[in-house]
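Hi there,

Here is the model I promised to pass on.

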Amino acid sequence: MAKESIKARERKRAKMVAKFAEKRAALKAAGDYEALDKLPKSSSAVRLHNRCKLTGRPRGYMRKFGISRVTFREMASAGKIPGVTKASW
């Protein structure tokens with residue numbers, strides 16, 4: 001499980017990206033790269049990293065569900081994810 005500070009930092013970055021998205025797009029369209037340099041670094045979408053919503057695990061992220069593969073398997077086995085069943089043939 002990731003430290004709470006790491007998860008909080010990622011949430012803060014996501015908020016900042018959303019806040020500056022419109023302004024950043026307008027500056028890019030205008031070609032004003034000097035003004036883009038003056039915006040906060042963390043307002044760039046490139047700095048975001050997908051993390052599990054429950055544990056904060058950075059690797060093995062399943063985009064469709066928003067959780068890591070480990071958490072997905074636990075929840076699927078417990079029947080907590082609708083429409084997902086264990087394969088058997």
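Below are my notes on the pocket, one of its lysines and the salt bridges.

First, the ground rules. This is a predicted model, with local features needing pLDDT of at least 70 and side-chain atom pairs counting only at pLDDT 80 or more, while totals for chains, interfaces and linings use all residues. Residues are numbered from 1 along each chain as its sequence is written, and side-chain values use heavy atoms, with hydrogens and water left out.

**The pocket**

The largest pocket has a volume of about 220 Å³. A pocket here is an open set of points on a 1 Å grid over the protein atoms alone, where a 1.4 Å probe fits, with protein on both sides within 12 Å along at least five of seven lines; lining residues have an atom within 4 Å of a point. Grid points are joined across faces, edges and corners, and the volume is the space filled by probe spheres set on the points.

Because domain 1 (1–49) and domain 2 (50–82) both contribute lining residues, the largest pocket lies between them. Those bounds come from an automatic or database domain assignment. Helix α1 (residues 4–30) gives the most to the lining, with four residues; helices are DSSP runs (H or I, at least four residues), numbered from the N terminus. Among the lining residues are K7, E10, R11, H49, N50 and Y61. By type, the lining divides into four nonpolar, three polar and five charged residues. Charged means Asp, Glu, Lys and Arg; nonpolar means Ala, Val, Leu, Ile, Met, Phe, Trp, Tyr, Cys and Pro; the others, Gly among them, are polar.

K7 lies in helix α1 and is buried, at 11% relative accessible area (buried is under 20%, exposed over 50%, partly exposed in between; 1.4 Å probe, protein chains only). Beyond its neighbours within four places in sequence, K7 is in contact with M1, A2, L54, T55 and G56 (contact: heavy atoms within 4.5 Å).

How many salt bridges does a search of the whole structure find? There are three, each a side-chain nitrogen of Lys or Arg within 4 Å of a carboxyl oxygen of Asp or Glu.

- K7 pairs with E4 at 3.5 Å, N to O; both lie in helix α1, three residues apart, about one turn of the helix.
- E4 also pairs with R11, with the closest N and O atoms 3.5 Å apart; R11 is partly exposed, at 46%.
- E10 pairs with R13, with the closest N and O atoms 3.7 Å apart, and both are buried.

Through shared partners, salt bridges join E4, K7 and R11 into one network.

Cheers!

Conventions. Helix = DSSP H or I, 4+ residues; strand = E, 2+ residues; numbered from the N terminus.
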